[in-house]
Amino acid sequence: MNTKEFYWKSIETFRDITGSLDNKMKPFYCPLQQRQNHGIYAVNINAKVGFFAQLNWCLYIFANCERFNLRPIILLTSPFYVRSKGESWLDYFFENRKLTTLDRGLIDNRSVKFSHISDFDQLGLPADYGSTMSLEYANQLLWNHLTIKSEIMNYVESFVDEHFGKRATLGIHYRGTDKKSEAKQVPWEYAAATISNYLDANPQVDSLFVASDEESFIEWIKREFKDIGVISHNDTERSMDGKAIHTQSVTGDNYMKGKEALINSMLLSKCDALIRTSSFLSAWSSIFNPCLPVIMLNRPFDDKLWFPDALLTQKSLDGYLPNQI
């Protein structure tokens with residue numbers, strides 16, 4: 001190993017050691033930071049996980065704040081969804097219902113200390129929030145603390161009025177690309193057979209709304225179900241080569257990735273029923289609409305069985321599934 005290689009190897013080793021120590025210490029000093037925050041719970045999350053996985057963490061923080069009568073201020077600064085480094089993509093799409101003028105003043109005066117984390121465990125909060133949360137409580141927490149920006153809400157409602165109308169609409173969400181690391185991949189034919197079973201049992205359904213991170217799946221569904229209206233949102237950010245787009249911060253429009261993920265999840269929540277693979281995106285459709293009937297095409301692996309899919313796999317209407325996957 002030459003001198004240059006030794007230098008960079010030493011720097012990398014040093015960063016690994018300091019990063020490991022930081023992760024071990026944060027569950028202890030993050031709670032200490034928050035005690036001096038004037039009743040505010042302030043967190044900056046820079047995490048390399050998906051849009052709705054980070055929103056899950058927000059729910060857990062909201063639950064903790066309601067338990068201890070705190071006002072949450074959350075920044076989501078992941079490079080996957082921001083237009084510029086340091087911005088909070090949560091502010092692109094949501095408004096904080098709990099943030100007061102006084103709170104804004106404290107933040108502007110730097111009287112509030114933010115805990116900077118990359119993983120939820122670093123906050124040192126109880127680990128059971130996800131295991132004890134219901135869909136209804138998650139929905140309540142969401143709307144107690146956040147409001148979706150009016151331009152997003154108006155767009156979703158206009159899309160529903162124009163494309164769903166008074167139709168009985170079955171939603172389909174197929175998550176492909178990198179999701180096979182968290183759940184068994186579902187053959188397209190299995191998804192189509194499930195759709196056919198549902199349509200046979202529910203002849204009143206006269207349209208399908210299909211969402212996917214894979215353009216080829218959407219086009220295939222349109223060819224397979226020519227006798228019924230197939231609707232999809234005209235996403236600008238969708239995988240064309242089987243590679244996940246949401247984890248490529250230097251490829252595509254990061255803002256649109258988040259915006260279209262939120263829009264598709266909300267549109268799926270407006271359907272009369274939802275056939276879906278394991279995914280936080282379509283799982284959040286059931287947080288937006290806890291009464292939504294759901295048919296799960298696959299189950300996350302045991303070590304990846306997080307809220308809300310841990311609940312939804314139990315509620316799944318499995319009678320529509322074919323015999324084999």
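Biologist: Which residues lie nearest the centre of the second largest pocket?
Modeller: This is a predicted model. In it, I73, D91, N96, L99 and R104 lie nearest the centre of that pocket, and its lining has 17 residues.

Biologist: Which elements give two or more residues to that lining?
Modeller: Those are β2 (71-76), α3 (90-93), β3 (94-96) and α4 (101-108). The largest share comes from β2, with four residues.

Biologist: How do the lining residues divide into nonpolar, polar and charged?
Modeller: For the second largest pocket, 11 are nonpolar, five are charged and one is polar.

Biologist: And how much space lies in the second largest pocket?
Modeller: About 290 Å³.

Biologist: Now cavities. How many of 30 Å³ or more are there?
Modeller: The count comes to two. The volume of the largest cavity is about 80 Å³.

Biologist: Which residues are closest to the centre of the largest cavity?
Modeller: S278, F280, K304, W306 and D309 are the closest, out of 12 residues that line this cavity. By class, the lining has six nonpolar, four charged and two polar residues.

Biologist: Where is L32 placed?
Modeller: L32 is in helix α1, which covers residues 3-34.

Notes. Residues numbered from 1 in each chain as written. Predicted model: local features only at pLDDT ≥ 70, side-chain atom pairs only at ≥ 80, totals over all residues. Heavy atoms only, no water. 1 Å grid on protein atoms, 1.4 Å probe; cavity = no way out; pocket = protein on both sides within 12 Å on 5 of 7 lines; lining within 4 Å. Points joined across faces, edges and corners; volume = space filled by probe spheres on them. Nonpolar A, V, L, I, M, F, W, Y, C, P; charged D, E, K, R; others polar.
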